[in-house]
Amino acid sequence: MQAGVQKLIDIRENRVGQLSGFAKYPDISFFLDRIAGIGYSYEPLLAPSPEIRKTYRSTKDWGLYEASFLQLMRNRDIPQALNLSKYEGTVALLCSEPQPEKCHRRLVAELLVHHFSIQGDNIQILHLITDKKRQPTKRMKRKPSDTASHDRIAH
């Protein structure tokens, strides 16, 4: 709420996985609306392919991942293939990586900012991350990669 997010766009390939916790669809849509008045939409065109993720998990080669993901976005004609009216206002992109450095969410945000800046819009990317490390509960321990994170695109 402090970030002024009006809409969250989920760009995960799998938004219903059990590791998603409260970020699992449809729970996340309900909670965003009821608790914070934030809209929710899903954009699977902005998710990496299973092949790209599998290769990255086995090689840990971020350069290869980034090049493959950006090629996938070109193949999908992103951002032209998107309904760009969904990206008006203050928008947060959601994926499952906790930090933006090695995350497709950052790459998508940069693609969108580039596109909108060519159109004459002034857009800023803010990485919304928590400063505090969460303490796991006694019932469930979560790895940092299991938590959701997001970028905000404001224009």
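This is a predicted model: local features need pLDDT of at least 70, side-chain atom pairs count only at pLDDT 80 or more; totals for chains, interfaces and linings use all residues.
Okay, before anything else, what I call helices and strands are DSSP runs, numbered from the N terminus: helices are H or I with at least four residues, strands are E with at least two. By that count the chain has 4 helices and 5 strands. Starting at the N terminus, the order is β-α-β-α-α-β-α-β-β.

Residues are numbered from 1 along each chain as its sequence is written, and side-chain values use heavy atoms, with hydrogens and water left out.

So, pLDDT: that's the predictor's confidence in each residue, from 0 to 100. The chain averages 84, with 81% of its residues at 70 or more. Among the elements, helix H3, residues 62–75, has the highest mean, 98, while strand E5, residues 149–154, has the lowest, 53. Residues 137–149 fall below 50, and that stretch has 25 contacts in the model beyond near neighbours in sequence. Contact here means heavy atoms within 4.5 Å.

A few overall numbers. Of the 155 residues, 37% count as buried; that's under 20% relative accessible area, with exposed being over 50% and partly exposed in between, using a 1.4 Å probe and protein chains only. Looking at contacts between residues at least 6 apart in sequence, 77% of them join residues at least 24 apart.

On to the helix packing. Two packed helices are described by the angle between their axes and the distance between the axes. The axes are lines fitted to C-alpha atoms, for helices over the stretch in contact, and the angles run from 0 to 180 degrees between N-to-C directions.

How do H2 and H3 pack? Their angle is about 175°, with the axes 9 Å apart. They're therefore roughly antiparallel, since over 145 degrees gets that label; under 35 is roughly parallel, 65 to 115 roughly perpendicular, and the rest oblique. From the H2 side, Ile 52, Thr 55 and Tyr 56 meet a set of H3 residues including Trp 62, Tyr 65 and Phe 69.

H3 also packs with H4, residues 104–118: those axes come within 11 Å and cross at roughly 45°, so this pair is oblique. Trp 62, Tyr 65 and Phe 69 turn up again here, among the H3 residues that meet H4. On the H4 side, the partners include His 104, Leu 107 and Leu 111.

Let me finish with three loop residues. Cys 103 sits in the loop between strand E3, 90–95, and H4. Is it buried or exposed? Cys 103 is buried, at 0% relative accessibility. Leaving aside neighbours within four places in sequence, Cys 103 contacts Trp 62, Cys 95 and Glu 97. Cys 103 and Glu 66 are 37 residues apart in sequence, yet 8.8 Å apart in space, C-alpha to C-alpha.

Next, Ser 49, in the loop between strand E2 (39–42) and helix H2 (50–59). Ser 49 is buried too, at 11% relative accessible area. Outside four places in sequence, Ser 49 is in contact with Glu 13 and Leu 72.

Last one: Lys 24, from the loop between strand E1 (7–10) and helix H1 (27–36). Lys 24 is partly exposed, with a relative accessible area of 30%. What does Lys 24 touch, not counting residues up to four places away in sequence? Arg 15, Val 16 and Gly 17.
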